[in-house]
Amino acid sequence: MYRSHILVCGGTGCTSSGSERIITAFEKELAATGLTQEVKVIKTGCFGLCALGPVVVVYPEGAFYSQVKPEDIPEIVEEHLIKGRIVKRLLYSETVEDNAVKSLNETDFYKKQVRVALRNCGVINPEDINEYIAYDGYMALGKVLTEMTPEQVIQTILDSGLRGRGGGGFPTGRKWSFAAAQPKGQKYVCCNADEGDPGAFMDRSVLEGDPHVVIEAMAIAGYAIGASQGYIYVRAEYPIAVKRLQIAIGQAREMGLLGKDILGTGFDFDLDIRLGAGAFVCGEETALMTSIEGHRGEPRPRPPFPAVKGLFGKPTVLNNVETYANIPRIILNGADWFRSMGTEKSKGTKVFALGGKIHNTGLVEVPMGTTLREIVEEIGGGIPNGKKFKAAQTGGPSGGCIPAEHLDIPVDYDNLIAIGSMMGSGGLIVMDEDTCMVDIAKFFLEFTVDESCGKCTPCRIGTKRLYELLDKITKGKATMDDLDKLEKLCYHIKENALCGLGQTAPNPVLSTLKYFRDEYIAHIVDKKCPAGVCKALLTVQILPDKCKGCTICARNCPTGAITGKVKEPHVIDPDKCVKCGVCIEKCRFGAIVKK
Amino acid sequence: MKSLAELQALRDQMKNKIGIRHDSDTNIRVVVGMATCGIAAGARPVLQAFTEEVAKRNLTHVSVQQTGCIGICQYEPVVEVYAPDQEKVTYVKVTPEMVPTIVTNHIVNGTPVTEYTIGASGK
């Protein structure tokens with residue numbers, strides 16, 4: 001029995017900010033002070049506040065320490081663990097109010113969150129199946145196997161209104177019922193953990209923080225559709241997630257929660273991991289299954305849908321990690337509980353990965369229908385440096401931008417599509433006034449061009465041409481005719497590409513065109529980039545009336561483009577200037593501007 | 001694991017081990033004074049005795065914590081018990097031998113052990 005538990009985040013975010021060293025430091029310090037028998041150190045999954053990592057929580061007090069450094073550990077042990085005095089200077093500042101310590105759940109970041117898919121992340125040790133079991137782990141599987149028929153399971157999922165969290169939003173129960181309706185025989189359950197959208201990391205965090213929930217849910221799906229084998233397709237770029245999944249599968253097998261005759265009910269189910277090699281297209285369901293089969297990951301036309309003819313030509317259910325993470329709770333708490341959250345057509349909660357120009361970079365889970373404003377301004381803590389919100393990008397390369405005028409729409413599948421974006425897997429990149437929307441569209445197209453598998457022409461050649469047009473615009477060489485061409489090509493690709501990725505690839509262009517057409521026109525007609533991003537359209541100038549002739553800019557210019565005499569206004573030679581902006585940073589008088 | 005009952009038994013057993021990771025208003029807090037004075041007077045074995053006793057009885061709603069000096073150093077080791085809707089009870093000059101009685105009578109059955117409290121000690 002331990003009187004105190006120290007939870008140290010072992011997610012990818014905190015691991016890269018050094019949480020392993022924190023754990024080692026705690027273990028060393030606890031050994032030195034003879035507390036090893038009293039205090040337990042536990043490595044958990046992601047707490048969500050990645051911007052403030054490494055994160056350490058000490059129970060029973062629930063003290064939430066952020067940005068902890070190895071040098072701080074002796075103080076935490078000496079003060080908090082020996083003398084019982086919480087080290088206030090290291091507490092997450094939001095949890096300290098009027099010199100009193102608040103519960104973490106009362107902070108702006110957490111109080112609007114409802115954690116269903118992430119409920120165990122940052123709470124349990126993901127490498128210990130016992131901790132998962134302590135939080136009712138595998139009880140849903142037990143309930144399904146002993147009390148419910150496969151039909152009842154599917155009906156519960158249908159009633160819950162759960163829709164696919166990978167982005168498409170197809171009702172999960174319907175998918176399962178199609179696969180279940182196929183004749184008996186070999187069927188498969190697959191998990192899509194090939195999270196490839198730039199800026200999305202919720203699936204990674206679930207796998208790292210709570211791998212057993214996915215295993216349990218896949219076994220439930222197996223029971224529901226009559227499958228005895230499952231595959232988790234996870235990208236090799238997630239080494240921590242892969243390792244924890246392997247450990248989790250091993251432990252589940254050892255306990256008899258995977259394998260033959262699970263819980264003595266006669267139900268057999270086992271799982272294997274397949275690693276993706278980093279191709280974005282393998283997140284598309286047909287390409288993913290082709291890749292599991294051992295072929296080159298390329299999509300194929302649908303129908304036939306995977307539920308009819310999927311992996312190895314057999315009926316297959318393929319769901320995303322976050323979708324699975326909801327299943328055990330729905331089984332245990334009932335469909336009505338899940339339906340009580342969310343909007344009319346989007347039930348439950350959604351995890352968003354907040355990134356970009358925002359204070360609290362990290363992972364948040366909110367009920368569907370929460371407004372973008374609540375997510376960005378309240379939970380996310382707003383935009384740093386007093387800048388203005390310009391747009392939020394959702395859905396990655398398949399999604400679009402949401403401008404400030406739509407900040408108050410309740411976020412759900414249908415509302416986002418209605419305004420020209422999409423839920424996607426839940427990446428949410430916030431952009432401020434310094435972001436150029438043409439440049440953003442170009443960034444996503446560059447990604448799609450790189451990642452296009454090349455099987456169909458509209459995507460392989462079309463996205464390349466789209467990129468070239470955008471490049472032309474950002475360089476100030478485009479005409480208004482090019483803008484028309486750009487738009488036409490977008491619709492052409494949308495209608496003709498083979499798979500979902502190609503069909504949605506033009507979305508970043510279309511949505512920025514819809515809301516920020518004036519920026520495109522400014523690039524084309526005025527040859528200006530309003531946000532001051534596109535280098536070809538910028539000149540860096542010294543304002544003669546403000547320049548004091550201190551020479552600091554000239555001394556720092558890497559290309560020697562600045563000349564002038566001491567105490568006289570300097571000038572920049574536009575031919576030599578590479579617009580790196582160093583002089584602007586160095587000038588103490590605000591005399592250098594980008595125009 | 002061969003049955004659901006086995007899984008449930010394991011869950012109940014494991015639940016006890018993670019009980020302290022919940023903030024709950026219904027928890028009883030046992031707070032041991034662990035400043036220099038407390039430690040010098042032998043607070044550590046007392047703290048350990050409480051942790052062991054609480055574990056032995058599977059009291060998941062009880063958390064054992066430490067605090068600093070509350071200013072009555074001559075009475076250390078001092079242990080305060082905070083139960084919801086009850087006034088705080090302060091035990092003084094606590095020894096590990098007294099711990100099982102405090103846990104049984106006070107924490108489990110709700111009757112403070114008057115003879116160990118600060119009120120009794122002055123008399």
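Here are some questions and answers about this predicted model.

User: Which strands are the edge strands of the open sheet of four strands in chain A?
Analyst: Happy to walk through this one. The sheet has mixed pairing and its order is β2-β1-β3-β4. A strand at the edge pairs on one side only. In chain A that picks out β2 (39–44) and β4 (63–65).

User: Do strands β8 and β10 of chain A run parallel or antiparallel?
Analyst: Strand β8 spans residues 229–235 and strand β10 spans residues 267–276, with seven bridges joining them. One bridge pairs A:Arg235 with A:Gly276 in β10(A). The direction of β8 relative to β10 in chain A is parallel.

User: Which residue in the turn of the hairpin of β9(A) and β10(A) has a positive phi?
Analyst: Strand β9 (residues 259–262) and β10(A) run antiparallel, joined by two bridges. One of the bridge pairs is A:Ile262 with A:Phe267. Four residues lie between the two strands of the hairpin, and the one with a positive phi, about 55°, is A:Leu263.

User: Which residues is A:Ile220 in contact with, leaving aside its neighbours within four places in sequence?
Analyst: With neighbours within four places in sequence set aside, its contacts are A:Ala140, A:Leu141, A:Val144, A:Val153, A:Ile327 and A:Ile331.

User: Which element gives the most to the side of chain B that touches chain A?
Analyst: The contact takes 28 residues from chain A and 27 residues from chain B. On the chain B side, α1 (4–18), α3 (43–56) and β2 (62–67) each supply at least two residues. Giving the most, with eight residues, is α1(B).

User: How many residues of the side of chain B that touches chain A are nonpolar?
Analyst: Chain B brings 27 residues to the contact. Of these, eight are polar and seven are charged, while the nonpolar residues number 12.

Technical notes:
Residues numbered from 1 in each chain as written. Chains lettered and ligands numbered in written order. Predicted model: local features only at pLDDT ≥ 70, side-chain atom pairs only at ≥ 80, totals over all residues. Pairing = 2+ DSSP bridges. Contact = placed C-beta atoms within 7 Å. Nonpolar A, V, L, I, M, F, W, Y, C, P; charged D, E, K, R; others polar.
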